[in-house]
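Trainee: Please go through this structure with me. I would like to start with charged pairs.

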Amino acid sequence: MKGQFSIRPKRIFSTLASKQLVPPSAKRSLDSIYGSAYPWLEINQRSDDMNIHIMGLNGQRKDINKQQFEQYTISIRGDVLLPETAGYAEARTIWNGMIDISPAVIVRCSGAADVVTTIQFARKYELLISLKGGGHNIAGSALCNGGITLDLSSMKGISVDPSARIARVQSGVCLGDIDHETQRFGLAVPTGINSTTGIAGLALGGGYGWLSRAFGHTVDNIISADLVDAQGEFLHVSEQENSELFWAIRGGSGNFGVVTQFEFKLHPVGPTVFGGPVVFPLSQAKSILRKYRELAKSMPDKASCWPVMRKAPPFPFFLLSITVSPL
């Protein structure tokens, strides 16, 4: 088998090829030299005529030279996953299990630097790119067929300043993660209703939940954000800095950049609150909704109460016989 041997960190070459491509005799020889001293190295063979195929912005497949792709992956601290790589199937799984989309490359970013590098790489070759935060979008927009999925779900840093009532939250964080950190101080960001929803998509899309009537939508509570724009430049946006872009990301449509971190305003809430479901059979819906309409007139503006008609979810506080019944 012809080709050029190369030595790279194991993570890179577990992504790019299989070590079975190396002739056994050559691998044994190189293992004897490097294996014991450098266990993080893995021997592989690079075939100079092989390309990485990625969808372009024009809808046509683009062939990226494998050596150029290697140069990109060396600059990434997180994981670069191809379809044959261990972990790829899990990485392309999102909340809506009916979505079956296969990116050519999934980049699990470890921080803003990986985002900058990936956007600059995609811009250079005009490659299709999608963004995954919590992966909760029902339409599956976190993934793109044949393109690059920029996966921010590993970026889960949260810091809380209880004195200033500010939370700094990376874009891979889910709502339950924020509540866990902020409720320790009796504080909260007004977010959505499902703990597994990602904060990034929710906040930039508006964000309505249990606390919105009291403290506004999630987007109303963004103090500032760090983002990487389409040029691959890292920017800080707020009312004082890059103010037009700050306005744009808070309701001015989309595609202005990739937010890597938010700064949120916190509000005193809890840690004990009054709330929960009141459940009735669907057969009583007409009379219950009439009573709810009258009750809502006297409720304070800050109170949230939503009538919902559905089959009961499998919550632990429901009897098994109820969970198959319409409520």
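Trainee: Which side chain does glutamate 263 meet in a salt bridge?

Mentor: The partner of glutamate 263 is arginine 168, with N and O 3.1 Å apart. The two lie 95 residues apart in distant parts of the chain, glutamate 263 in strand E14 and arginine 168 in strand E10. A salt bridge here is a side-chain nitrogen of Lys or Arg within 4 Å of a carboxyl oxygen of Asp or Glu. Helices (H or I, at least four residues) and strands (E, at least two) are DSSP runs, numbered from the N terminus.

Trainee: What should I keep in mind about the source of these values?

Mentor: This is a predicted model, in which local features need pLDDT of at least 70 and side-chain atom pairs count only at pLDDT 80 or more, while totals for chains, interfaces and linings use all residues. Residues are numbered from 1 along each chain as its sequence is written, and side-chain values use heavy atoms, with hydrogens and water left out.

Trainee: Back to that pair. Is glutamate 263 buried or exposed?

Mentor: Glutamate 263 counts as buried, at 15% relative accessibility, whereas arginine 168 is partly exposed, at 32%. Buried means under 20% relative accessible area, exposed over 50%, and partly exposed in between (1.4 Å probe, protein chains only).

Trainee: And how many residues of strand E10 are buried?

Mentor: Of the 5 residues of E10 (residues 166–170), 4 are buried, so this strand is largely enclosed by the rest of the structure.

Trainee: How many bridges join E10 to E14?

Mentor: There are 5 bridges between E10 and E14 (residues 258–265), and the two strands run antiparallel. Within this pairing, isoleucine 166 stands opposite lysine 265. Strands E9 and E10 are also antiparallel, over 4 bridges, with isoleucine 158 facing valine 169. Two strands are said to pair if DSSP finds at least two bridges between them.

Trainee: What do E9 and E10 form?

Mentor: They form a hairpin with 4 residues between the strands, and arginine 165 in the turn has a positive phi of about 55°.

Trainee: Changing topic: in what order do the strands of the open sheet come?

Mentor: The order is E5-E6-E8-E7, 4 strands with mixed pairing. E5 (79–81) and E7 (129–132) are the edge strands, each pairing on one side only. On average, neighbouring strands of this sheet are turned by 20° against each other, direction ignored. Angles run from 0 to 180 degrees between N-to-C directions, and the axes are lines fitted to C-alpha atoms, for helices over the stretch in contact.

Trainee: Noted. Where does serine 153 lie?

Mentor: Serine 153 is in the loop between E8 (148–151) and E9 (158–161). With 18% relative accessibility, serine 153 counts as buried. Its side chain makes a polar contact of 2.6 Å with the side chain of aspartate 151. A polar contact is a pair of N or O atoms within 3.5 Å; within protein, one must be able to donate a hydrogen and the other to accept it, and residues adjacent in sequence count only if both atoms are side-chain atoms. Apart from neighbours within four places in sequence, serine 153 is in contact with Lys132, Gly133 and Gly172.

Trainee: What about aspartate 63: which side chain makes a polar contact with it?

Mentor: That is the side chain of histidine 53, at 2.6 Å. Aspartate 63 is found in strand E4 (residues 61–65) and is partly exposed, with a relative accessible area of 44%.

Trainee: Last one: to what number does the count of disulfides come?

Mentor: The count is 0, where a disulfide is a pair of cysteine sulfur atoms within 2.5 Å. Cysteine 144 counts as buried at 7% relative accessibility, and cysteine 305 is partly exposed at 34%.

How values were computed: Contact means heavy atoms within 4.5 Å.
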